[in-house]
Amino acid sequence: MEDIAAEVGIAKGSLYRHFESKEALAAAVMVRLLRRTRAALAALPTQADARAKLEALLKWTLRERLAGGVPHLPSASQALRDALLAHRAYMDELMELSEAIGGLIRQARAEGSLRADLREEFVLYTFYARSCDPTLDFLKAGGSMSDEEIVDEMVSACLDGIGASPAGPARAAAGAAC
């Protein structure tokens, strides 16, 4: 809280007048992030297919994360996870976003562009996990890849996997054209 107060240019006590705890502040940040994520999803082209929307949303999230706009706080602290689960606005936003992404997952599966043998819940959590994957931080710190290369490879690994394709390079080239 001291660091945040100093960054904002106010006294720590003033910060506590707005947020009773660091968990309350984190919840407010996460609610804002979830609202921005839903806005990014709503801004995607309506004519895009479901998988393209999922890919675009994941790219947006990873770019935001690389730019410092998406924390991976909930995975870092049990106390924060508990506080978020008890925070009504956070849970409401999370449920709305989860339902929107779940709808895209169902639609993409119906279109045949996502595996139907994986449970919807697993696919949703995999999507969320990529959003806070520490691999992003390691790759950025390594400095051998640009942010855009990191985003592209993370999205490809998430949606296409890391195993060799049975069809080989021809299939990979066809996928790159999409």
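**Exercise 1. Find the partners at R130.**
Which side chain meets R130 in a salt bridge, and are the two residues buried or exposed, or in between?

*Solution.* Keep in mind that this is a predicted model.
Step 1. The side chains of R130 and D133 form a salt bridge, at 2.9 Å from N to O.
Step 2. Buried means under 20% relative accessible area. D133 has 10%, so D133 is buried.
Step 3. R130 has a relative accessible area of 22%, so R130 is partly exposed.

**Exercise 2. Check the length of helix α6.**
What span should helix α6 have at 1.5 Å a residue, and how far apart are its end C-alpha atoms?

*Solution.*
Step 1. Helix α6 covers residues 88-110, which is 23 residues.
Step 2. The expected span is 1.5 Å times one less than the number of residues. For α6 this should give 33 Å.
Step 3. The end C-alpha atoms of α6 are 33 Å apart, which agrees.
Step 4. Look just past the helix. G112 has a positive phi of about 85 degrees.

**Exercise 3. Trace the buried side of α6.**
Which residues of α6 are buried, and what covers them?

*Solution.*
Step 1. Among the buried residues of α6 are Y90, E93, L94, L97, I101, L104, I105 and A108.
Step 2. Recall the helix rule. An α-helix has 3.6 residues a turn, so residues three or four places apart point the same way.
Step 3. The cover over these buried residues includes α3, α4, α5 and α7.
Step 4. Take Y90 as an example. Beyond four places in sequence, Y90 touches M30, V31, L34 and L84.
Step 5. Y90 also belongs to the largest nonpolar core, which has 36 residues. L54, L62, Y90, I101, I105 and L114 touch the most other members. Helix α3 gives the largest share of this core, eight residues.

**Exercise 4. Follow R106.**
Which side chains meet R106 in salt bridges?

*Solution.*
Step 1. One is E99, at 2.6 Å from N to O.
Step 2. Another is E120, at 2.5 Å from N to O. E120 lies in helix α7 and R106 in helix α6, so this pair ties together parts 14 residues apart in sequence.
Step 3. R106 is partly exposed, at 37% relative accessibility. E99 is partly exposed too, at 48%.

**Exercise 5. Examine K53.**
Is K53 buried or exposed, and which side chain of opposite charge is nearest?

*Solution.*
Step 1. K53 lies in helix α4.
Step 2. K53 is buried but has no salt bridge.
Step 3. The nearest side chain of opposite charge is E111, 8.2 Å away. A salt bridge needs the atoms within 4 Å.
Step 4. Beyond four places in sequence, K53 contacts L44, P45, T46, A48 and L104.

Terms used: Residues numbered from 1 in each chain as written. Predicted model: local features only at pLDDT ≥ 70, side-chain atom pairs only at ≥ 80, totals over all residues. Heavy atoms only, no water. Helix = DSSP H or I, 4+ residues; strand = E, 2+ residues; numbered from the N terminus. Buried < 20%, exposed > 50% of the residue type's maximum accessible area, 1.4 Å probe, protein only. Contact = heavy atoms within 4.5 Å. Core = buried A, V, L, I, M, F, W, Y, C linked by side-chain atoms within 4.5 Å. Lys, Arg positive; Asp, Glu negative; His and termini not counted.
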